[in-house]
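Q: I would like to learn how to read some features of a protein model. Can we take them one at a time, with the general idea before the case?

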Amino acid sequence: MNLDRLQASRYRSGDIDLAWYEAGNPDGTPVLLIHGFASTAHVNWVFPGWFKTLQEAGYRVIALDNRGHGESDKPHDPEAYHPEIMAADAAGLVDSLDIAPVHVIGYSMGARISAFLALSRPELARSVVFGGLGMGMIEGVGDWDPIADALLAPSLDDVGDERGRMFRSFAEQTGSDRLALAACIRTSRTLVDREALAALPMPALVGVGTRDDIAGSASELAEIMPKGEWLDIPKRDHMLAVGDKVFKAAVLDFFARVDADAGVPQ
């Protein structure tokens with residue numbers, strides 16, 4: 001299968017039409033991939049080699065374009081982007097395919113969505129991987145309003161905030177709907193409750209780049225969860241850690257151990 005560009009399937013979540021993609025072994029253990037802010041399933045998972053890596057390991061690989069992103073509908077109302085709603089999109093896709101339980105990997109905003117998915121529908125998640133988001137999930141990751149302002153600015157030249165420039169440039173590279181992203185960033189940052197996370201029943205892996213100045217501590221977040229583990233992704237910042245070979249190898253090892261403990265055939 002050509003993994004350069006996957007054909008989108010469609011799924012309806014309430015009044016939102018979502019794009020999702022599939023590859024790998026149809027009889028393999030399913031893995032659900034949830035991408036980050038201003039990204040897409042292709043930018044986050046296909047182009048950096050995650051689909052290829054997981055397919056070669058025998059998994060059934062599924063990813064969606066979050067609302068506001070990629071080929072999915074892009075409402076401009078901030079109320080459409082609370083993480084509980086975006087987690088329900090992902091959960092509904094799993095339900096519609098009747099593939100639970102799944103391994104879940106989320107990166108950055110996708111990690112936050114994955115946490116809300118695991119908390120609201122724990123029976124759907126065989127395990128969960130939080131990439132690019134550590135204690136920032138609980139404590140916050142700073143003021144992101146400048147990013148919304150940067151997305152709405154007339155041009156990149158009008159953006160002075162460094163992080164705002166980074167995300168505005170990324171949004172332009174991916175051809176994103178900047179109005180939808182500005183709406184998304186205003187309401188998708190709901191913090192995850194520490195006590196709720198401490199009761200999360202499934203195995204969890206937290207992976208953060210050692211040069212990531214956004215995510216917060218991976219080890220501190222992992223230590224909150226009963227079955228939490230962490231990985232420091234060496235010499236990677238927030239943008240580059242997602243496709244790192246150390247991260248991929250650690251996730252494959254993590255899944256293999258989780259599956260072995262659950263008696264899933266290897």
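Q: Which residues make the nonpolar surface patch?
A: A patch is built from residues with over 30% relative accessible area and no salt bridge; like charges are joined within 9 Å, and nonpolar side chains (Val, Leu, Ile, Met, Phe, Trp, Tyr) within 5 Å. Accessible areas come from the Shrake-Rupley method with a 1.4 Å probe, and for residues only the protein chains shown count as cover. Here Met166, Met239 and Leu240 make a nonpolar patch of about 230 Å². The model is predicted: local features need pLDDT of at least 70, side-chain atom pairs count only at pLDDT 80 or more, and totals for chains, interfaces and linings use all residues. Residues are numbered from 1 along each chain as its sequence is written, and side-chain values use heavy atoms, with hydrogens and water left out.

Q: Where does methionine 166 lie, and why does methionine 166 count as partly exposed?
A: Helices (H or I, at least four residues) and strands (E, at least two) are DSSP runs, numbered from the N terminus. Methionine 166 lies in helix α7, which covers residues 162-173. For exposure, buried means under 20% relative accessible area, exposed means over 50%, and partly exposed is in between (1.4 Å probe, protein chains only). Methionine 166 counts as partly exposed because its relative accessibility is 31%.

Q: What is histidine 76 in contact with, leaving aside its neighbours within four places in sequence?
A: Contact means heavy atoms within 4.5 Å. With those neighbours left aside, histidine 76 is in contact with Asp177, Leu179, Ala180 and Ala183. Histidine 76 sits in the loop between β4 (60-64) and α3 (83-97) and is partly exposed, with a relative accessible area of 43%. Histidine 76 and cysteine 184 are 108 residues apart in sequence, yet 8.1 Å apart in space, C-alpha to C-alpha.

Q: Which side chain joins histidine 76 in a polar contact of 3.0 Å?
A: A polar contact is a pair of N or O atoms within 3.5 Å; within protein, one must be able to donate a hydrogen and the other to accept it, and residues adjacent in sequence count only if both atoms are side-chain atoms. The partner of the histidine 76 side chain is the side chain of aspartate 177.

Q: Is histidine 69 buried or exposed?
A: Histidine 69 is buried, with a relative accessible area of 1%. Its place is in the loop between β4 and α3. The side chain of histidine 69 reaches the backbone nitrogen of alanine 38 at 3.1 Å. A polar atom of that side chain also lies 2.9 Å from the backbone oxygen of arginine 67. Leaving aside neighbours within four places in sequence, the contacts of histidine 69 include His35, Phe37, Met109 and Cys184.

Q: How many aromatic pairs does a search of the whole structure find?
A: Rings of Phe, Tyr and Trp (its six-membered ring) pair if their centres lie within 6.5 Å; planes under 30 degrees apart count as stacked, over 60 as edge-to-face and the rest as tilted. The search finds 6 aromatic pairs. One of them is the tilted pair of tryptophan 144 and phenylalanine 167, at 5.2 Å centre to centre and 55° between the planes. This pair links distant parts of the chain, 23 residues apart: tryptophan 144 is in the loop between α5 (136-139) and α6 (145-152), and phenylalanine 167 is in helix α7. Both tryptophan 144 and phenylalanine 167 are buried. Ring pairs link Phe37, Trp144 and Phe167 into a cluster.

Q: How many salt bridges does a search of the whole structure find?
A: A salt bridge is a side-chain nitrogen of Lys or Arg within 4 Å of a carboxyl oxygen of Asp or Glu. The search finds 13 salt bridges. In one of them, the side chains of arginine 67 and aspartate 89 meet at 2.7 Å, N to O. That pair links distant parts of the chain, with arginine 67 in the loop between β4 and α3 and aspartate 89 in helix α3, 22 residues apart. Arginine 67 is buried at 6% relative accessible area, and aspartate 89 is buried at 2%.

Q: Where do arginine 168 and glutamate 172 lie?
A: Both lie in helix α7, 4 residues apart, about one turn of the helix. Arginine 168 forms a salt bridge with glutamate 172, their closest N and O atoms being 2.7 Å apart. Arginine 168 counts as buried at 2% relative accessibility, whereas glutamate 172 counts as partly exposed at 40%.
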